[in-house]
Amino acid sequence: MSAPDDRTADLGPRRAEPAEDTGYSATVLGSHWIQRPAPDADGTLAAPAPRPDRVEDTVLRFGPGVTAAVAQRTHRTLPALPPPAAPAPRRLRRHALPALVLLCVLAFLAWQRLGPSVEVRSVAVTVRPAVLPCDGTADVVAVVATDGRPGTLTYRWTRSDGTASGVLREVVARDQRQARLTLRWTFEGQGRRPAVAEVEILSPARLKANARFTYDCG
């Protein structure tokens, strides 16, 4: 028996020499990727040219053990990613300004209620006209002088015909030095009579003032 021709290729399974572990994973290639040796002119098969270990950064390995390596890579647990950063508390920022405004309003109201209140310095009443004609209306005005602090005045009007108003209120703003309180008194019919209109400040101090006029319808 003659010695085998050196050009005859062994088509059996080839085991690749164990390569040093370089950290690359095996990749299974389909049969259409494997280049088979082409026959020479005399019909014999030429030995395949050695293939590179890398093709475009992909490791090509053949022989037993490839499937196991791929399975090991496929089932490898991916590293856990850190949880995304929590979004900024938008709801707190959205409600911060309304809450601040509400606190300011409450503080202002508390200051108005609990702080120093308005003080009444004087009150004076005038009436026009001094002599009222037939079926006329008298305009009675009380001018209340204050110290300019904010607060509320309570008062009432009393007429000489025996009628009186209920308790009335007038809000005085800061730096408002005067408050004007008005009464309109209408007369009808024939005759002549004197009239007196009186204002009484009930709070924050008790003061009284009046004005006199005459109704004359002859």
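This is a predicted model: local features need pLDDT of at least 70, side-chain atom pairs count only at pLDDT 80 or more; totals for chains, interfaces and linings use all residues.

**Entry 1: a cut-off before anything else.** I call a residue buried under 20% relative accessible area, exposed over 50%, and partly exposed in between.

**Entry 2: the overall layout.** I went through the secondary structure and found 2 helices and 10 strands. Reading from the N terminus, I wrote the order down as β-β-α-α-β-β-β-β-β-β-β-β. The chain has 218 residues, and 22% of them count as buried.

**Entry 3: the disulfide.** How many disulfides does a search of the whole structure find? I got 1. The partners are cysteine 134 and cysteine 217, with their sulfur atoms 1.8 Å apart. I looked up the angle about the S-S bond as well; at 100 degrees, the link is right-handed. Cysteine 134 sits in the loop between β4 (131-132) and β5, while cysteine 217 belongs to strand β10, so the pair ties together parts that are 83 residues apart in sequence. Are the two cysteines buried or exposed? Cysteine 217 has 3% relative accessibility and counts as buried, whereas cysteine 134, at 36%, counts as partly exposed.

I stayed with tryptophan 157 for a moment. Leaving aside residues up to four places away in sequence, its contacts include Val125, Leu181 and Val199. Among the others that tryptophan 157 touches are Val140, Ala142, Ala164, Ser165 and Leu168.

Entry 4: I checked the faces of β8 next. The covered face carries Ala179, Leu181, Leu183 and Trp185; the uncovered face carries Gln178, Arg180, Thr182, Arg184 and Thr186. How many bridges join β5 to β8? I found 9, and the two strands run antiparallel. One pairing I wrote down is valine 140, whose bridge partner in β8 is leucine 183.

**Entry 5: salt bridges.** My search of the whole structure turned up 7 salt bridges. I began with arginine 184 and aspartate 139, whose closest N and O atoms are 2.6 Å apart. Arginine 184 lies in strand β8 (residues 178-186) and aspartate 139 in strand β5 (residues 137-146), so this pair ties together parts that are 45 residues apart in sequence. Arginine 184 is exposed at 57% relative accessible area, while aspartate 139 is partly exposed at 32%.

Next came arginine 192 and aspartate 216, with 2.8 Å between the closest N and O atoms. This pair links distant parts of the chain, 24 residues apart: arginine 192 is in strand β9 (residues 191-203) and aspartate 216 in strand β10 (residues 207-217). I have arginine 192 down as exposed, at 59%, and aspartate 216 as partly exposed, at 31%.

A further salt bridge joins the side chains of arginine 159 and aspartate 161, 3.0 Å from N to O. Arginine 159 is partly exposed, with a relative accessible area of 25%, and aspartate 161 is partly exposed too, at 44%.

Which residues are linked in a network of salt bridges? I noted Glu119, Asp147 and Arg149.

Definitions and conventions: Residues are numbered from 1 along each chain as its sequence is written. Side-chain values use heavy atoms; hydrogens and water are left out. A salt bridge is a side-chain nitrogen of Lys or Arg within 4 Å of a carboxyl oxygen of Asp or Glu. Helices (H or I, at least four residues) and strands (E, at least two) are DSSP runs, numbered from the N terminus. Buried means under 20% relative accessible area, exposed over 50%, partly exposed in between (1.4 Å probe, protein chains only). Contact means heavy atoms within 4.5 Å. A disulfide is a pair of cysteine sulfur atoms within 2.5 Å. Two strands pair if DSSP finds at least two bridges between them.
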